[in-house]
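Hi everyone, thanks for coming. Please have a look at the structure on the screen while I talk you through it.

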Amino acid sequence: MSTPQVEAFLEMMAVERDASPHTLSAYGRDLADAEAGIAGGLMGGDEAGVEAWYADLGRRGLSPATQARRRSAVRQFYRFALGEGWRADDPSRRLDAPKQGRSLPRTLAGEEIERLLTAAAAHDGAAGVRMVALVELAYASGLRVSELLGLKVEAVRRDPAFLIVRGKGGKERLAPLNASAREAVKTWLIARDAARPDKAPDSPWLFPSASARGHLTPRRFAQLLDQAAVDAGIDPARVSPHVLRHAFATHLLEGGADLRVVQTLLGHADIATTQIYTHVATDHLAQVVRDKHPLARDE
């Protein structure tokens, strides 16, 4: 369910704020829910109607994160409506953000990353070489899965030490490549080029596939990771493309990296998003102190 006002709002988000298709789709669903759930709809609802709709989100079992996103979508919509002169008030102004528990990111130990790479390399042919390159790149640079799978082949042809990545909101950042990741990419390029039929045009993507997008999809990469995890003796429920990004951040902090540096490398706009990794790293560091400090005592 959509209205001309919602369509105008989403168009503004796309043009003026460079919102991603994923964000626009989520906001569209959020506003459709509000349109259906607020007495009188978004344009006719009052404070009581908006607050009743919002209170019902929790009763419907929506997670605090989803509730927070729907609150944000509705509040931004009403600010836009005020600016456009469609409404003279903001009925969402008293909506309080839901309390969210801290969910620590899943991660893997360095030894488990090594086991994943060994399992990937055990597969013969180009598929194994590609899988090693995918895991090495994800773990070495902390790329989001969309950034990883959307890499263009020309970006790595000259064996760069850094990649220029366009992340959320169209913001660019430098993503580092260590020696093992660069070697894995070079090996994959050889296998990739050898597999291309003679005179066939080259794909622009580093990881091409027959999918509609022309490159490997997140779903397929997740399936390949699941198989690599099984082969490595790791519970596949603990492994995903995003877990490799978590491992990148956690292991940097465990190694003493500055939090601001990790924020920049991950492309986080708000350092609070990065700080969650300090809780994972702190557990590791506390254990190191208990195990290694000469004055540590068993309780």
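First, some ground rules. This is a predicted model, in which local features need pLDDT of at least 70 and side-chain atom pairs count only at pLDDT 80 or more, while totals for chains, interfaces and linings use all residues. Residues are numbered from 1 along each chain as its sequence is written, and side-chain values use heavy atoms, with hydrogens and water left out.

Now the whole chain. It has 13 helices and 2 strands; these are DSSP runs numbered from the N terminus, with helices (H or I) of at least four residues and strands (E) of at least two. Along the principal axes, the C-alpha atoms fill a box of roughly 70 × 65 × 30 Å. Of the 299 residues, 43% are buried. Buried means under 20% relative accessible area, exposed means over 50%, and partly exposed is in between, using a 1.4 Å probe and protein chains only. A contact means heavy atoms within 4.5 Å. Among contacts with a separation of 6 or more, 61% join residues 24 or more positions apart.

On to the helices. Two packed helices are described by the angle between their axes and the distance between the axes. The axes are lines fitted to C-alpha atoms, for helices over the stretch in contact, and angles run from 0 to 180 degrees between N-to-C directions. Under 35 degrees counts as roughly parallel, over 145 as roughly antiparallel, 65 to 115 as roughly perpendicular, and the rest as oblique.

How do α6 and α7 pack? Helix α6 (residues 110-121) and helix α7 (residues 125-141) have an angle of about 160°, with their axes 7 Å apart, so they are roughly antiparallel to each other. Ile113, Leu117, Ala120 and Ala121 in α6 meet a set of α7 residues that includes Met131, Val135 and Tyr139.

Next, single residues. Is Glu147 buried or exposed? Glu147 sits in helix α8 (residues 145-149) and is buried, with a relative accessible area of 7%. Its side chain makes a polar contact with the side chain of Arg144 at 2.7 Å. A polar contact is a pair of N or O atoms within 3.5 Å; within protein, one must be able to donate a hydrogen and the other to accept it, and residues adjacent in sequence count only if both atoms are side-chain atoms. Leaving aside neighbours within four places in sequence, Glu147 is in contact with Val165, Arg166, Gly167, Lys168 and Arg173.

Finally, two loop residues. Asp159, in the loop between α8 and β1 (162-166), has a positive phi of about 55° although it is not a glycine. Asp159 is partly exposed at 25% relative accessible area. Lys199, in the loop between α9 and α10, has a positive phi of about 70° and is exposed at 87%.
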